[in-house]
Amino acid sequence: MKITQKLKDQLWWMIISVDYDYSRIAIADHELTDDALILWLEDKQDFKNSLDECLLLDVKARDFAKIIRAENLNSYEGSKMHPTKNFVYKARIEINSPLKWYQEDASGVEQQWAREATLKAILTQLVETEAAGTYD
């Protein structure tokens, strides 16, 4: 996932403003379009009066789908029967494609998990990229 320098700076500013306590970063609102998942972020201890005051985070729909798949949110572990050899084996069974699962199959809580997993993935990438950059 590509994070622009401007967004990196904004995210670092938010991380510093929450005293490096990532649990204070909340998703104030969200919207899923055909192209992107849009998240508005704020500090849980400093709620904003409008979304204009929140940090706007655009995540490409393709990247959001990758996170859903990587977190196994759109699948479960189950048993399948081999089509020709008549034996049962364990496998991940996909409920639906990631974005269709999010829109059509996921409960409100599961949708929230997907959004939070996305935020966590972005923050993790940001911190790991910056840490790796300091050692190069």
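These are my notebook entries on a few spots I looked up in this structure, which is a predicted model.

**Entry 1: two helices**

I started with helix α2 (residues 61-70) and helix α3 (residues 98-105). They pack at an angle of about 80 degrees, and their axes are 8 Å apart. That makes α2 roughly perpendicular to α3, because angles of 65 to 115 degrees get that label.

Next I wanted to know which residues make the contact. On the α2 side I noted Ala-61, Phe-64, Ala-65, Ile-68 and Arg-69. On the α3 side I noted Pro-98, Leu-99, Trp-101 and Tyr-102. Sorted by class, the contact has 8 nonpolar residues, no polar ones and 1 charged one.

I also checked which residues of α2 are buried. My list reads Ala-61, Asp-63, Phe-64, Ala-65, Ile-67 and Ile-68. Just after α2 I came across Asn-72, which takes a positive phi of about 55 degrees.

**Entry 2: aromatic pairs**

How many aromatic pairs turn up in a search of the whole structure? I got 2.

One of them is Phe-64 with Tyr-102, an edge-to-face pair with 5.1 Å from centre to centre and 80 degrees between the planes. Phe-64 sits in helix α2 and Tyr-102 in helix α3, so this pair ties together parts that are 38 residues apart in sequence. Buried or exposed, I asked myself about Phe-64 and Tyr-102? Both are buried.

Then I looked at Phe-87 and Tyr-89. Their ring centres are 6.1 Å apart and their planes are at 55 degrees, so I wrote this pair down as tilted. Phe-87 is partly exposed, with a relative accessible area of 40%. Tyr-89 is partly exposed too, with a relative accessible area of 31%.

**Entry 3: His-82**

Staying with Phe-87 and Tyr-89, I found that His-82 touches both of them, leaving aside residues up to four places away in sequence. Where is His-82? I found it in the loop between β4 (75-81) and β5.

I then followed the His-82 side chain to two backbone nitrogens. It reaches that of Thr-84 at 3.2 Å. The backbone nitrogen of Lys-85 lies 3.1 Å from a polar atom of the His-82 side chain.

**Entry 4: Asp-43**

Asp-43 is in strand β2 (residues 36-43). I looked up its relative accessible area and got 8%. Asp-43 therefore counts as buried, because the cut-off is under 20%.

What does the side chain of Asp-43 make a polar contact with? My note says the side chain of Arg-24, at 2.5 Å. Leaving out residues up to four places away in sequence, Asp-43 touches Met-14, Ser-17, Val-18 and Arg-24.

**Entry 5: Ile-95**

Last, I went to Ile-95, which is found in the loop between β5 (88-94) and α3. It is partly exposed, with a relative accessible area of 43%.

I listed what Ile-95 touches, again not counting residues up to four places away in sequence: Asn-74, Ser-75, Tyr-76, Trp-101 and Asp-105. Trp-101 was already in my notes as one of the α3 residues in the contact with α2.

I also took one distance. Ile-95 and Leu-56 are 39 residues apart in sequence, and from C-alpha to C-alpha they are 30 Å apart in space.

Definitions and conventions: Residues are numbered from 1 along each chain as its sequence is written. This is a predicted model: local features need pLDDT of at least 70, side-chain atom pairs count only at pLDDT 80 or more; totals for chains, interfaces and linings use all residues. Side-chain values use heavy atoms; hydrogens and water are left out. Axes are lines fitted to C-alpha atoms, for helices over the stretch in contact, and angles run from 0 to 180 degrees between N-to-C directions. Helices (H or I, at least four residues) and strands (E, at least two) are DSSP runs, numbered from the N terminus. Angles under 35 degrees count as roughly parallel, over 145 as roughly antiparallel, 65 to 115 as roughly perpendicular and the rest as oblique. Contact means heavy atoms within 4.5 Å. Ala, Val, Leu, Ile, Met, Phe, Trp, Tyr, Cys and Pro count as nonpolar, Asp, Glu, Lys and Arg as charged, and the others, Gly among them, as polar. Buried means under 20% relative accessible area, exposed over 50%, partly exposed in between (1.4 Å probe, protein chains only). A polar contact is a pair of N or O atoms within 3.5 Å; within protein, one must be able to donate a hydrogen and the other to accept it, and residues adjacent in sequence count only if both atoms are side-chain atoms. Rings of Phe, Tyr and Trp (its six-membered ring) pair if their centres lie within 6.5 Å; planes under 30 degrees apart count as stacked, over 60 as edge-to-face and the rest as tilted.
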